[in-house]
Amino acid sequence: MSGTSPIFYYVVAGYFIVTVAIGLLAGRGNKTSEDHLVAGRSIGPLIGGAALAATQLSAGTFVGTIGILYLTGASYLWYWPGLWAGWIVSAIWVAPKFQRFKGVTVPEYIEKRYNSKAAKMISAALIIVAYSVYLIAQYVAGGILMNVMFGLPMIWGATITIVITMIYTLKGGMKATAYSDFFQAIIMAGCFFVALPILYSQAGGFGNVGSFLTELNPKLTGWHWGFKDLLGFGLAFGLSMAIAPYELARMYSLKNEKTVRLAIGFSFVFQAIIAVSIGLVGFGIRAIYPVMGSPDSASSIMALELLPPVIGALFMVAILASIMSTVSGVMIVSSSAVSHDIYGTLKKSATDKQKMIVNRIAVVVLSVFPLAFAIKPFDLVQFIVLVQASMIASFFFATVVIGLNWKRATGTAAIVSMIGGMATVLLWHVFDKPWGLNEVIPGVMVSCILLIVVSFFTKPVPQESLDPFFK
Amino acid sequence: MKKLSIIITTLFLISSFIFTEKTLAAEEQTPYVKSANIEIILEDNTYLVKEKVEVDNITESEDRKVEHLVKQITENKVKDVKISSNGIELIPEIIKGENLDRYVIKIGNEDEEVAEYLIEYKVNKAEGIFEVPLFVPEYEAQGEQRNIHISFQAPEGQVIQKNSFPILNESGLNMVEKDMANIPAMTKFLYAEKTKFFNSFNIISTIALLSLFLMLLYWGIYEKRKNRREANGN
């Protein structure tokens with residue numbers, strides 16, 4: 001074993017117990033799909049904001065981003081403005097309309113807005129694919145974490161993470177995930193307040209860290225990434241965040257439009273704390289470990305070898321929390337895509353009870369399936385997350401943002417746009433990003449152009465499809 | 001239209017996974033640190049450091065050179081550096097910097113896959129400063145194996161404190177050993193005549209746990225009252 005203090009086991013076990021308890025208590029009394037999938041539309045701004053932040057802040061943040069910041073330095077922080085721009089787009093043009101629509105799933109919006117069951121099913125399938133890729137990254141990160149902490153093989157670590165998350169997601173649904181996300185967000189933000197002073201005290205202070213890193217490699221405090229790369233990262237995250245299905249689904253659970261805007265505001269506060277903190281963590285760790293085998297293990301190494309056991313365990317728990325909060329959000333969206341959007345459309349006579357049974361089966365299957373790919377991941381955690389962000393942005397940005405704000409967009413155009421955007425991303429990825437451009441740029445461009453052009457040549461949707469979205 | 005959309009959907013599901021499995025970079029064979037054994041002893045206000053490093057795959061390096069990073073800790077200076085391999089002394093090329101020195105040596109014989117060398121040096125210990133800089137090779141260690149072994153011997157009659165770096169799980173010891181995944185830029189083993197319970201780490205840890213517990217308690221009470229209000233209102 002790794003010489004890990006026994007305190008780690010107690011803190012991690014305690015975290016699992018508290019999270020499952022919060023989730024089960026919050027989610028009791030769920031009777032219908034509406035209770036299970038959208039928390040009865042009862043979530044307030046603070047818990048809603050924490051849930052939005054916690055769902056977004058995944059392994060990609062605590063493992064992947066810290067790893068990339070460790071490896072490449074400060075210039076990588078410039079992707080955050082892109083991400084926040086995406087949230088602003090959502091707050092102004094997307095989220096309030098989604099909340100007002102009062103749907104249950106995101107493809108349901110596609111069906112209503114574009115008057116097309118086919119578009120609904122295709123969007124549901126694309127969500128399942130993209131989020132399965134996303135889950136691979138989370139499982140890899142969970143596996144790395146458990147391996148570093150307890151010496152467990154990666155597959156076991158990933159399995160434990162999935163099983164714990166599945167318990168409260170299956171039982172408590174959206175309300176369980178929102179309440180447990182609030183707890184997880186507190187841990188994520190809170191642990192940095194104690195970890196950072198200790199880290200920088202050991203590293204010799206801010207000034208020392210800065211001058212050491214500059215001398216180690218000037219690009220660490222300068223510009224490792226070029227403009228094209230940063231534009232690609234910013235756009236990939238920003239464009240996908242504006243319309244991320246796992247965030248849009250949470251909009252349905254909020255009380256009203258005012259709550260939506262407040263929640264996004266609270267989410268910004270959480271995110272800002274995290275953004276600054278992970279930057280400082282990446283730099284601090286590099287000053288103490290100038291050479292490291294796997295950048296993705298940087299945050300785990302800090303927790304195990306640098307921080308006192310209680311704080312180190314809380315930090316590891318924060319990473320686990322980031323993984324589990326995202327996995328639970330993804331589980332809800334992916335499983336509802338199967339049960340309500342695909343099964344519910346193919347079998348019109350399906351009852352709510354039957355759909356909930358299919359939903360629960362889908363949670364299990366869709367959670368386990370990406371494990372096979374997590375055993376041999378295709379890239380660093382952060383870059384897997386980037387690929388799925390590009391996929392999501394390329395098939396959803398146009399249909400959601402343009403569709404919610406332009407009445408002329410048609411159902412046929414939505415289908416062509418989604419397929420065209422997704423195909424562009426995949427081909428761009430296969431051909432190794434021609435001209436060094438991130439795949440999200442051509443993907444979103446193609447999907448927007450297709451939506452607009454094809455709309456002009458196809459039949460407009462009926463007025464009743466537009467009524468919920470255009471006052 | 002429904003059948004067509006099912007076919008398209010299925011094709012996408014299959015092809016997407018094939019495409020996204022593409023490996024972005026072929027695995028390269030590069031030299032790596034197979035193991036390192038670092039002994040630190042404190043005698044008469046001077047740290048005596050012996051760092052034995054084993055580098056594998058050294059034949060993959062064209063010139064068989066290894067650069068070592070040595071952090072400059074202002075008060076605790078590195079001196080009397082001696083590097084040897086198989087009993088033969090190696091003369092390093094030293095590049096001095098403001099915060100970081102670089103020591104470059106050429107290691108191993110022509111056909112040797114694995115090269116082993118020993119770095120011995122002394123570090124002056126300034127009053128109240130416990131940092132000891134280490135020589136960090138440019139090649140990464142095999143992270144999963146924890147093959148970096150560090151030991152520290154405090155002066156007689158002194159016990160090493162838990163709030164050292166790397167962090168210790170036991171207190172009250174005069175000598176400690178730690179297995180790590182990577183070689184750090186320095187160590188910081190604090191010692192005193194007896195174990196100090198009220199150190200910064202313990203205080204911070206207690207405050208953190210207490211804050212979390214109080215927050216959970218307050219939240220639980222708030223939710224219970226809210227549910228009661230809603231039930232009475234209904």
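Trainee: In which helix of chain A is Met302(A) found?
Mentor: This is a predicted model, in which local features need pLDDT of at least 70, side-chain atom pairs count only at pLDDT 80 or more, and totals for chains, interfaces and linings use all residues. Residues are numbered from 1 along each chain as its sequence is written, chains are lettered from A and ligands numbered from 1 in the order in which they are written, and side-chain values use heavy atoms, without hydrogens and water. Helices (DSSP runs of H or I, at least four residues) and strands (E, at least two) are numbered from the N terminus. Residues 298-305 of chain A form the helix that contains Met302(A), namely H14.

Trainee: Is Met302(A) buried or exposed?
Mentor: The relative accessibility of Met302(A) is 0%. Buried means under 20% relative accessible area, exposed over 50%, and partly exposed in between (1.4 Å probe, protein chains only). Met302(A) therefore counts as buried.

Trainee: How many Å apart in space are Met302(A) and Asn405(A), C-alpha to C-alpha?
Mentor: In sequence, 103 residues separate Met302(A) and Asn405(A). In space, their C-alpha atoms are separated by 46 Å.

Trainee: What is the distance in space from Val260(A) to Trp80(A), C-alpha to C-alpha?
Mentor: Val260(A) belongs to helix H13 of chain A, residues 257-288, and is buried, with a relative accessible area of 0%. Trp80(A) is 180 residues away from Val260(A) in sequence. From C-alpha to C-alpha, the distance between Val260(A) and Trp80(A) is 21 Å.

Trainee: Which helix gives the most residues to the lining of the largest cavity?
Mentor: On a 1 Å grid over the protein atoms alone, a cavity is a set of points where a 1.4 Å probe fits but cannot get out, a pocket is an open set with protein on both sides within 12 Å along at least five of seven lines, and lining residues have an atom within 4 Å of a point. The largest cavity holds about 190 Å³ of space, and among its 20 lining residues those closest to the centre are Gln56(A), Tyr134(A), Phe237(A), Met241(A) and Val385(A). Helices H4 (59-72), H5 (79-101), H7 (117-150), H11 (227-243) and H18 (381-405) of chain A each supply at least two lining residues. With five residues, the one that gives the most is H18(A).

Trainee: Which element gives the most to the lining of the second largest pocket?
Mentor: The second largest pocket has a volume of about 880 Å³, and of its 27 lining residues the closest to the centre are Ile47(A), Tyr179(A), Trp219(B), Glu223(B) and Lys226(B). Two or more residues come from each of H1 (6-26), H3 (45-56) and H8 (154-203) of chain A and H2 (200-233) of chain B. A volume is the space filled by probe spheres set on the grid points, which are joined across faces, edges and corners. The element with the highest contribution, eleven residues, is H2(B).

Trainee: What is the phi of Ala39(A)?
Mentor: Most residues other than glycine have a negative phi. Ala39(A) lies in the loop between helix H2 (33-38) and H3 of chain A and is buried, at 5% relative accessibility. Although Ala39(A) is not a glycine, its phi is positive, at about 55°.

Trainee: What is the omega of the peptide bond that joins Phe165(B) and Pro166(B)?
Mentor: Pro166(B) is placed in the loop between strand S12 (159-160) and strand S13 (175-180) of chain B. The bond that joins Phe165(B) and Pro166(B) is cis, with an omega of about 0°.
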